[in-house]
Amino acid sequence: MVHKQVKISTYQLLILTILFTIGTAILVIPSVMAATAKQDAWIAALVGVGAGLLLIWLYNTITILYPQMTLVEIMETLLGKWLGKSVALLFMVTFFLGGPAAVLYDLGSFLTTQMMPETPIQAVNILFALIVLMGVRLGLETLARSAELLFPLFILLYTAFVVLVVSNIKLENIQPVLEKGVGPIWSAALSFISISFLSHIVLLMIFPSVDQPDQARRAFLTGGLIGGLILLVVITLAVLVLGHDLTARSMYPSYSLAQKINIGNFLQRIEAIMAAMWFISLFFRLALYMHSIMISISQIFNLKDERPLIFPIGMILIVMSVIIYPNVPYQQSWDAKIWTPYVLSMGLFLPLLLLCMHGIQKVWSKKKTGTEG
């Protein structure tokens, strides 16, 4: 298979993990956190980063046991050929709807409501999807090199964003601390990991492509940590500058933050430049989703080359991104009631099930060896 010959460095995996973690979350997560934890959203984000690192440790444990296998191959090994393929197919089809289709919808919705209100969402989605699909067709190595090239620009924009917004901070916006106790903290932290970390299980599809598997696990963990801290800073700034009420009511609080930038009535209205930062993270999250789904389908159906799948699946992606959410209230209801339980089942319970199956197989194998001996 084509992807078996592809190799990326641990540094490239680190950057891809950072950008995947940030992804759509940088746009939407401050409002989700503030709606639940109010002025304590930053504490919930801190808890969420810790829980996210535990999840990555769980995924790393699986890669230690099966270093040369993708997630689909691990499922086939532990669950059996047909059950493993069936679970993998169910996993990828449902993840396709909740992952890339939702990300593309978020991008189109953001652009057509905030920056280009007279442009149809279909046009935005088609253009962005074509760029992503071109990147996916060029392969993981090209995507990784592009990430390496664009990451300094992302960091430059992010640093400028933080520095220019700091002057608007009002410390009273995060007081009183823990006014409602710790209850809302857990709920908001769960929302944090459901948006930012539970989807990382899909990155197990690219793990065998890293040239140094031992160092790859450290890069995976470090990338998750850096991405989580970047989100933590954005959430904290949103609450400190906008206040928890305005942050919760804003669809895109980080964009609202960028609109606050005003240096001496001279440097202002630069949110469109800052939006480049969001486009970079959205592009790589979408591209990694699509790459992993292509590889998964090619392995499930034993295809030699995944590239012929790109165009038909890309067409389905564009259509689904337009119809997946009929309106914003439906999206918010779906995210609150369906997405979190679903991604928990796939991002937490599935890897735990795989580890249990591995343990059972080991015990069975030892018993069998003992009986034969």
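Buried means under 20% relative accessible area. Phe20, at a relative accessible area of 0%, is therefore buried. The model is predicted. This briefing covers its aromatic rings. With centres within 6.5 Å as the pairing rule, the count comes to 17 aromatic pairs.

**Phe20 and Tyr289**
- The ring centres of Phe20 and Tyr289 are 5.3 Å apart.
- Their planes meet at 70°, so this pair is edge-to-face, given that angles over 60 degrees fall in that class.
- Phe20 belongs to helix H1 (residues 10–22), and Tyr289 to helix H13 (residues 271–300).
- The pair therefore ties together parts that are 269 residues apart in sequence.
- Tyr289 is buried too, with a relative accessible area of 1%.

**Phe95 and Tyr342**
- For Phe95 and Tyr342, the ring centres lie 6.2 Å apart.
- The planes stand at 50°, so the pair is tilted.
- Phe95 sits in helix H5 (residues 81–98) and Tyr342 in helix H15 (residues 328–372).
- This pair links distant parts of the chain, 247 residues apart.
- Both Phe95 and Tyr342 are buried.

**The cluster**
- Phe20, Tyr289, Phe95 and Tyr342 are among the members of one aromatic cluster.
- The cluster also includes Phe91, Tyr105, Tyr325, Trp334 and Trp339.

**A charge over a ring**
- The ring of Phe20 has the charged end of Arg285 over it.
- That charged end is 4.5 Å from the centre of the Phe20 ring.

Methods. Residues numbered from 1 in each chain as written. Predicted model: local features only at pLDDT ≥ 70, side-chain atom pairs only at ≥ 80, totals over all residues. Heavy atoms only, no water. Phe/Tyr/Trp six-rings, centres within 6.5 Å; stacked < 30°, edge-to-face > 60°. Helix = DSSP H or I, 4+ residues; strand = E, 2+ residues; numbered from the N terminus. Buried < 20%, exposed > 50% of the residue type's maximum accessible area, 1.4 Å probe, protein only. Lys NZ or Arg CZ within 6 Å of the ring centre and 35° of its normal.
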